[in-house]
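Please keep the sequence and the model open as you go through the points.

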Amino acid sequence: MTRFDDHDTVWLFGYGSLIYKTDFAFLERRPARLRGWTRRFWQGSHDHRGTPDAPGRVVTLVPRESAICAGVAYRITPAIFAPLDHREKNGYLRLATALTLDDGRDVEGVVYIATADNAAFLGPASKQAIARQIAASHGPSGPNRDYLLHLADALRELGADDPHVFAIERELLALVQRTLA
Ligand code: SIN
């Protein structure tokens, strides 16, 4: 996707690890919202939070009319897409999208989405099954549970309600408690 390559800067919408793991250069960071999409732990992770034999689960966006996904928008230069494409290479593609910044501005931007036709896609499962898989998975970027817990903390910091993420977090914490008991 080369649509923004000749722009000086581009808005990137982050809704998963891009909210809390900002290991890339940006000019501005603001809370933002994306309409028509909802966050789901439906993408497999072979390269960050799991392995090809035992994939972890990370978030992608699924189309849902009337949904609003809360996240963070970064104003970046197009040069930053090369390292981000590498970081998001396990199934995510760049999609151009309209997004709304916290000051009310509607802007055009880019979001990384892993659609159902990518090889690592796992799709729906119960919150208990997702929590169990997350509790058991580790990858080169660390334990899968850290991805979930950091994301849930970051969403709380944004004041965002996300029943799917918070329900899986509750399941995971209960599972950890039971394991320690
Ligand atoms: C994102 O955070 O926007 C994409 C998914 C991820 O890297 O967790």
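Strand β1 (residues 10-14) is largely enclosed by the rest of the structure, because 5 of its 5 residues are buried. Please bear in mind that this is a predicted model.

**Strand β1 and its partners**

- β1 and β3 run antiparallel and are joined by 5 bridges, and F13 has A73 as its bridge partner in β3.
- β1 and β5 run parallel and are joined by 3 bridges, and here the bridge partner of F13 is V111 in β5.

**A closer look at L12**

- L12 belongs to strand β1, and at a relative accessible area of 0% it counts as buried.
- Which residues does L12 touch, not counting residues up to four places away in sequence? They are L18, V72, A73, Y74, I76, F81, L84, V110 and Y112.
- L12 and E108 are 96 residues apart in sequence, yet their C-alpha atoms are 9.1 Å apart in space.

**The nonpolar core**

- In soluble globular proteins, nonpolar side chains tend to be buried together.
- The largest nonpolar core here has 50 residues, and F41 and I76 are the members that touch the most others.
- Strand β3 (residues 56-76) gives the most to this core, contributing 9 residues.

**Helix α5**

- Helix α5 (residues 163-180) has 18 residues and reaches 26 Å from its first C-alpha to its last, close to the 26 Å expected at 1.5 Å a residue.
- Buried residues in α5 are H164, V165, F166, A167, I168, E169, E171, L172 and L175.
- Those buried residues pack against β2 (28-45), α3 and α4 (144-158).

**Aromatic contacts**

- How many aromatic pairs does the structure hold? There are 6 aromatic pairs.
- F24 and Y74 make an edge-to-face pair, 5.0 Å centre to centre with 80 degrees between the planes.
- F24 lies in the loop between α1 (17-20) and β2, and Y74 lies in strand β3, so the pair ties together parts that are 50 residues apart in sequence.
- Both partners are buried: F24 has a relative accessible area of 9%, and Y74 has a relative accessible area of 0%.
- Y20, F41 and Y147 form one aromatic cluster.
- The charged end of R94 sits over the ring of F81, 4.1 Å from the ring centre.

**A buried loop residue, A114**

- A114 is found in the loop between β5 (106-113) and α3 (127-136).
- Is A114 buried or exposed? A114 is buried, because its relative accessible area is 1%, and buried means under 20%.
- Leaving aside neighbours within four places in sequence, A114 is in contact with Q43, T60, G91, Y92 and F121.
- A114 and L99 are 15 residues apart in sequence and 18 Å apart in space, C-alpha to C-alpha.

Definitions and conventions: Residues numbered from 1 in each chain as written. Predicted model: local features only at pLDDT ≥ 70, side-chain atom pairs only at ≥ 80, totals over all residues. Heavy atoms only, no water. Core = buried A, V, L, I, M, F, W, Y, C linked by side-chain atoms within 4.5 Å. Buried < 20%, exposed > 50% of the residue type's maximum accessible area, 1.4 Å probe, protein only. Helix = DSSP H or I, 4+ residues; strand = E, 2+ residues; numbered from the N terminus. Contact = heavy atoms within 4.5 Å. Pairing = 2+ DSSP bridges. Expected span 1.5 Å × (residues − 1). Phe/Tyr/Trp six-rings, centres within 6.5 Å; stacked < 30°, edge-to-face > 60°. Lys NZ or Arg CZ within 6 Å of the ring centre and 35° of its normal.
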